[in-house]
Amino acid sequence: MDHQHKVGLKDDLSRLTRPPYSKPDPKDERLAKYKGNCFCGSVEFELFDDPLDASYCHCRDCQRLHGAPYQWAAIFHKTDMHFTKGQEDLIFYSVPTKATEYVLPVKISCAVCHGPIADEGRRMMLVFPELVQFDFNLLPGPFRATHHMFYGSRVEDVHDDIPKFLGKKGECPFEGESKGPESIDKLTKWRTEHS
Ligand SMILES: [Zn+2]
Ligand SMILES: [Zn+2]
């Protein structure tokens with residue numbers, strides 16, 4: 001697990017000087033490759049490049065926080081994202097501290113519609129592709145999930161041909177075993193053997 005990076009109230013606003021909150025460097029002449037917005041439109045953002053990777057996460061946290069069987073996320077460098085509207089309409093929730101505070105890693109939602117927008121880590125942003133404006137019948141390839149994570153806690157089998165892991169990407173490849181505690185035991189054993 002990532003080390004938590006604590007920031008106090010004073011540092012909270014210092015985020016406004018850093019991507020994805022700060023204005024892009026004037027020397028950076030890249031045009032937005034994709035645009036996105038929250039459900040109600042209070043918050044808008046731009047993405048300057050394709051995602052580095054995309055994944056489906058079946059962990060219990062994602063299931064409960066998203067009210068969904070699994071979460072779909074596309075990974076970007078922070079410098080490849082920029083909030084263009086609604087900075088003041090963002091709310092932050094820290095899963096490790098269970099508090100509405102800006103402590104990385106943090107979940108970002110819209111204060112108006114409460115829709116999830118992204119997860120912010122120390123270096124990366126996990127953006128939820130459902131919010132990106134493109135024709136979902138013509139989903140750009142880089143947004144397609146390349147793997148399933150924490151597949152042992154899935155609520156349903158997914159029949160596709162991308163790799164499935166019981167932990168994070170690369171951790172304990174899924175070999176058709178059942179789900180639940182058995183999978184957690186297997187992952188724990190795998191981590192012990194590979195640490
Ligand atoms: Zn909204
Ligand atoms: Zn998850």
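## Strand S3 and its partner S10

Strand S3 (residues 53-57) is joined to S10 by three bridges, and the two run parallel. Within this pairing, the partner of Ser-55 in S10 is His-147. Strands here are DSSP runs of E with at least two residues, helices are runs of H or I with at least four, and both are numbered from the N terminus. Two strands count as paired if DSSP finds at least two bridges between them.

The model is predicted, so local features need pLDDT of at least 70 and side-chain atom pairs count only at pLDDT 80 or more, while totals for chains, interfaces and linings use all residues. Residues are numbered from 1 along each chain as its sequence is written, and chains are lettered from A and ligands numbered from 1 in the order in which they are written.

## The sheet

S3 and S10 belong to an open sheet of seven strands, in the order S6-S7-S8-S9-S4-S3-S10, with mixed pairing. Strand S6 (90-93) and strand S10 (147-149) are at the edges; each has a single partner strand, so one side of each has no neighbour in the sheet. On average, neighbouring strands of this sheet are turned by 30° against each other, direction ignored. For such angles, axes are lines fitted to C-alpha atoms (for helices over the stretch in contact), and values run from 0 to 180 degrees between N-to-C directions.

Strand S7 (residues 106-110) is mostly covered, with four of its five residues buried. A residue is called buried if 20 or more other C-beta atoms lie within 10 Å of its own, exposed if 12 or fewer do, and partly exposed in between, with C-beta atoms placed from the backbone.

## Nonpolar core

The largest nonpolar core has 34 residues, of which Val-43, Cys-57, Ile-117 and Val-127 touch the most other members. Two or more residues of this core come from each of strand S2 (44-47), S3, strand S4 (71-77), strand S5 (81-85), S7, S8 and S9. Such a core is a set of buried Ala, Val, Leu, Ile, Met, Phe, Trp, Tyr and Cys residues joined through C-beta atoms within 7 Å.

Beyond its neighbours within four places in sequence, Val-43 is in contact with several residues, among them Phe-83, Leu-90, Cys-110 and Ile-117. Contact means that the C-beta atoms of two residues, placed from the backbone, lie within 7 Å.

## Loops and backbone exceptions

Two peptide bonds to proline are cis. The bond from Pro-19 to Pro-20 has omega near 5°, and Pro-20 lies in the loop between helix H1 (9-14) and strand S1 (34-37). The bond from Leu-104 to Pro-105 has omega near 0°, and Pro-105 is in the loop between S6 and S7.

His-114 has a positive phi near 65° without being a glycine. The hairpin of S7 and S8 that holds His-114 has five residues between the strands. His-114 counts as exposed because it has 11 C-beta neighbours inside 10 Å. Phe-150 also has a positive phi, of about 50°, and is not a glycine. Phe-150 lies in the loop between S10 and helix H3 (181-194), but is buried, with 26 other C-beta atoms within 10 Å.

Phe-134 is placed in the loop between strand S9 (124-127) and S10. Phe-134 is partly exposed because 13 other C-beta atoms lie within 10 Å. Residues up to four places away in sequence aside, Phe-134 touches Tyr-34, Leu-139 and Pro-140. Phe-134 and Phe-150 are 16 residues apart along the chain, and their C-alpha atoms are separated by 28 Å.

## Confidence and annotation

The protein has a mean pLDDT of 91, and 94% of its residues reach 70 or more. pLDDT is the predictor's confidence in each residue, from 0 to 100. Over residues 1-11 pLDDT stays under 50, and the model has 11 contacts beyond four places in sequence for this stretch.

UniProt, in an unreviewed entry, lists residues 34-175 as "domain: CENP-V/GFA". UniProt positions follow the numbering used here, feature names are shortened, and annotations may be inferred rather than shown by experiment. Over residues 34-175 the chain is 5% helix and 32% strand, with the end C-alpha atoms 36 Å apart.
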